[in-house]
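The sequence and the coordinates are shown here for reference.

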Amino acid sequence: MLKARYGVGALLALALWGCSPSSLRAPPGELRINLGTEPPTLDWALATDNVSFLVIEQLMQGLTRLGPDLRAEPALAEHWEVSADGRTYLFHLRKGVRWSDGAPLQAQQFVYAWRRLLAPATAAEYAYFLFPVAGARAYNAGQLHDANGIGVRALDAHTLEVRLEAPLVYFPALTTFMVTFPARADLIEKYGDAWTEAGNLVSLGPFRLEEWRHEYRLVLRANEDFYGGRPSLDRITGYMVGEESTALVLFEQGILDLVRLPPLEIRRYRERPSYRRKPALRGYYYGFNTGLAPFDDARVRRAFAMAIDRAEFPKLLQGGELPAAYWIPPGMPHHNPAIGVRFDPAGARRLLKQAGIDPAALPPVRVVYNTEQVHRLVAELVQAQWQEHLGVRVELENREWKVFLKELTVSPPPVYRLGWGADFPDPDNFMNLFTSYSANNHTGWANPSYDRLVEQAAREPDRARRQALYDEAQRILCEQDVPIAPLFVSAINLVVAERVKGFEPNPMDIFFFERVRAE
Amino acid sequence: MIRYALWRLLQGIPVLVVVATLTFALLRFLPGGPFEREKALPPEILRNIEARYHLDESLPRQYLRYLADLARGDLGPSYKYVGRNVTQILGEALPVSIKLGAVAFALTCVFGVGMGLFAGVRRGTALDRVLMLLALLGVSVPSFVLGAVLVLGVGLGLGWLPAALWEGPLYVLLPAITLAALPTAYVAQLTRASVVEVIDLDHVRTARAKGLPERVVQLRHVLRNALLGVVTYFGPLLAVLLTGSFVVEQIFAIPGIGRFFVTAVTNRDYPLVMGVTLLYAGLVVFANIAVDLLYGWLDPRIRLGGPER
């Protein structure tokens with residue numbers, strides 16, 4: 001009896017062993033990645049987040065695309081011309097490009113997509129990316145009712161004309177972004193909201209959507225007819241494993257090939273060949289509410305920015321962060337590492353004294369951040385440094401994310417943390433954040449010279465002159481007025497299975513899988 | 001009996017309306033809205049979004065609109081998952097949670113009641129002490145610890161079972177064990193306590209005196225009476241298990257609805273929060289009715305639906 005029982009136990013164990021997860025390993029030609037979460041939508045006019053963007057980038061293409069050096073390269077547009085006044089772009093579409101259902105690409109599909117993006121009823125959050133186009137903002141705001149008033153039209157099936165409100169030298173960088181991709185009126189009308197589901201979604205990029213099991217898995221299949229040539233991979237499967245440590249277990253088991261590393265695990269993987277790191281186009285900063293004493297005095301803000309030893313952040317966070325007192329990050333055109341205040345505690349104390357501040361008499365400085373471990377670590381370090389180097393008392397407060405965001409718009413705290421990741425690799429994307437009219441400027445700071453410099457730089461085609469404009473604007477932002485204290489530039493940390501060849505992360509955190517192989 | 005069940009179901013409707021009203025009010029009191037973003041939106045775009053979701057209307061109007069849609073069975077669009085409505089989202093995720101929850105519930109019934117019965121009838125023995133120590137552990141170890149231990153130990157270390165994902169029947173085991181651990185331990189404690197109370201009662205002694213075999217005495221006379229107290233707990237437990245668990249789904253990467261109880265609130269996805277809350281409330285109402293019906297079967301003294309005919 002006893003023996004029989006053990007026998008059954010052994011059989012059961014064997015049966016379980018036979019079904020061990022190693023049978024789940026991907027065959028050659030299939031890449032398995034962790035998306036982390038469900039993409040909120042694959043409608044490229046409505047998507048706003050990184051996960052949706054990652055998937056859409058594999059499915060679709062725009063007029064231009066980012067090359068490995070992050071310059072805008074021809075994609076669906078074979079070439080383009082800019083008028084002498086810099087206001088009109090003429091895009092010549094590649095001929096013979098077909099959607100995955102065989103329909104040809106036509107310029108009218110861009111016109112439809114842009115009108116749809118801008119239509120008030122679409123309620124697209126990122127409609128503002130096309131606000132530089134003539135009439136776009138007015139149409140989106142409901143002041144212009146005729147879509148023909150928007151500065152985009154198809155001259156013929158393969159020529160798209162775009163008129164801008166004002167010259168914009170980085171316009172071809174904007175058209176790499178998903179919200180500008182073409183769309184099919186016939187399919188969106190036919191399927192309604194369900195046009196993005198597997199089976200309905202038609203695309204023209206290197207991959208097409210084969211399966212979308214919501215909240216679990218998404219499968220992409222190579223597009224045999226991709227105009228750039230069929231990709232090496234046959235399939236990409238993206239699982240939505242929310243827990244990073246679970247994803248790492250699945251990576252260890254060979255089930256997932258590409259996984260983001262949680263900060264605490266970086267130490268363990270740093271020496272392995274599977275580890276990849278890349279500084280991202282993502283800045284982390286502390287903002288000051290310039291309407292509140294003592295931060296209504298630029299000298300005080302400068303003193304606080306000077307009293308932070310930024311070299312401590314990478315030691316603390318261990319994620320390959322780059323200490324940064326500048327705002328335009330490396331990897332972005334017109335980055336200048338020489339800009340920014342230096343760590344100078346004695347100088348900082350002198351500045352406070354000049355401003356008539358007695359640190360001991362100052363009420364505690366309130367620093368508010370959203371609840372997350374990394375933000376708490378950063379806040380505690382800054383707190384310790386300000387207390388040590390300036391002799392001020394600092395109080396930390398944390399908030400739930402949405403509560404925090406509400407507070408930033410309604411009554412920004414004296415000091416708050418925020419970050420900014422690039423949407424497209426042009427410095428304007430970073431610099432116009434702190435113009436007096438930007439919804440993202442929570443500091444209350446307004447400087448007309450800064451606004452003017454940023455506007456000028458956006459339409460300045462000459463590289464050297466553009467550099468000078470951004471240098472001057474950055475000096476106002478980071479050295480002179482200091483409404484923000486940039487702290488560091490974040491990095492991307494990944495592990496990639498050794499069977500995967502030809503994959504490198506890039507600073508925009510876009511995954512290019514076209515040339516990737518899986519053995 | 002059927003009339004009684006129907007009557008109780010009808011009584012559930014006002015309960016759901018109250019739940020809907022309270023949730024609606026609480027959500028609007030919560031600071032920070034669904035479209036508050038790290039990358040702030042220009043005002044004209046915010047206006048378009050608010051118009052699309054009727055968030056520009058007065059609160060009472062939004063409330064009436066919600067109730068009217070609800071009466072037609074429409075739970076509204078999700079604010080986060082653009083283009084999908086709450087009914088679709090719950091419809092896809094609920095079957096997964098039900099599968100996982102049903103297995104966990106079965107584990108709880110079998111092992112919880114079994115352990116309690118064994119321990120109770122062998123009160124004071126070493127077996128009793130070991131089982132109750134296990135139960136104490138089960139009650140005290142949080143599921144995120146147990147889940148992580150199982151993923152790392154059984155999934156990665158021993159490789160006996162899949163560490164995570166949702167690909168087939170074997171994939172249900174580790175998460176179901178994690179989900180069932182706490183209720184199993186609690187049910188074991190409850191059952192043991194009731195068994196200890198019942199075991200010395202007159203009717204049990206009579207049954208033994210009649211010469212019934214011990215197994216029959218334990219199952220028919222001890223357990224059946226002892227279960228009365230335990231079954232009360234089964235109602236809400238079933239609702240809890242069937243609606244999934246954020247922690248377990250997160251750790252094991254399971255596409256159930258438990259995640260929405262947390263993420264829908266952090267996203268301020270009002271319709272989705274309302275949807276999961278109402279679903280949960282509905283299940284609680286339903287499970288409690290089921291428990292009441294079960295009482296009648298367990299204890300003939302309890303008669304449902306007024307005087308006997």
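A:Asp509 sits in the loop between strand 18 (500-501) and strand 19 (517-518) of chain A, and it has a positive phi of about 65° although it is not a glycine. The model is a predicted one, in which local features need pLDDT of at least 70 and side-chain atom pairs count only at pLDDT 80 or more, while totals for chains, interfaces and linings use all residues. Residues are numbered from 1 along each chain as its sequence is written, and chains are lettered from A and ligands numbered from 1 in the order in which they are written.

In chain B, B:Arg268 likewise has a positive phi, of about 55°, without being a glycine. B:Arg268 belongs to the loop between helix 11 (260-266) and helix 12 (270-298) of chain B, and it is buried, with 21 other C-beta atoms within 10 Å. Helices (H or I, at least four residues) and strands (E, at least two) are DSSP runs, numbered from the N terminus. Back in chain A, a cis peptide bond with omega of about 0° joins A:Ala293 and A:Pro294, and A:Pro294 is placed in the loop between strand 12 and helix 9 (298-306) of chain A.

## Sheets of chain A

In chain A, 4 strands form an open sheet in the order 4-5-7-6, with antiparallel pairing; two strands pair if DSSP finds at least two bridges between them. Strand 4 (77-82) and strand 6 (152-156) of chain A are at the edges with a single partner strand each, so one side of each has no neighbour in the sheet. On average, neighbouring strands of this sheet are turned by 25° against each other, direction ignored. Strand 4 and strand 5 (residues 88-93) of chain A are paired in the antiparallel sense over 5 bridges, and A:Trp80 stands opposite A:Phe91 in strand 5 of chain A. Helix 3 (residues 107-118) of chain A packs on the sheet, where it touches strand 5, strand 6 and strand 7 (159-163) of chain A, and its direction makes about 170° with that of strand 6 of chain A.

Strand 12 (residues 275-288) of chain A is joined by 10 bridges to strand 17 (residues 484-496) of chain A, the two running antiparallel, and A:Tyr284 has A:Phe488 in strand 17 of chain A as its bridge partner. Strand 12 of chain A also pairs in the antiparallel sense with strand 16 (residues 415-421) of chain A, over 7 bridges, and there A:Phe288 has A:Val415 as its bridge partner.

## The helical chain B

Chain B contains 12 helices and 0 strands, and its C-alpha trace spans about 85 × 60 × 30 Å along its principal axes. Of its 309 residues, 39% count as buried.

Helix 8 and helix 9 of chain B pack at an angle of about 155°, with their axes 10 Å apart; axes are lines fitted to C-alpha atoms, for helices over the stretch in contact, and angles run from 0 to 180 degrees between N-to-C directions. That makes helix 8 of chain B roughly antiparallel to helix 9 of chain B, a label for angles over 145 degrees, whereas those under 35 count as roughly parallel, 65 to 115 as roughly perpendicular and the rest as oblique. The contact is made by B:His203, B:Val204, B:Ala207 and B:Arg208 of helix 8 and by B:Val217, B:His221 and B:Val222 of helix 9 of chain B.

B:Gln218 lies in helix 9 (residues 214-242) of chain B and is buried, with 21 other C-beta atoms within 10 Å. Leaving aside neighbours within four places in sequence, B:Gln218 is in contact with B:Leu117, B:Val121 and B:Leu223, contact being defined by C-beta atoms, placed from the backbone, that lie within 7 Å.

## Where the chains meet

In chain A, 41 residues are in contact with 41 residues of chain B. Helix 13 (401-410) of chain A is among the elements that give two or more residues to this side of chain A, and it gives the most, with 6 residues.

Methods:
Contact = placed C-beta atoms within 7 Å. Buried ≥ 20, exposed ≤ 12 C-beta atoms within 10 Å, placed from the backbone.
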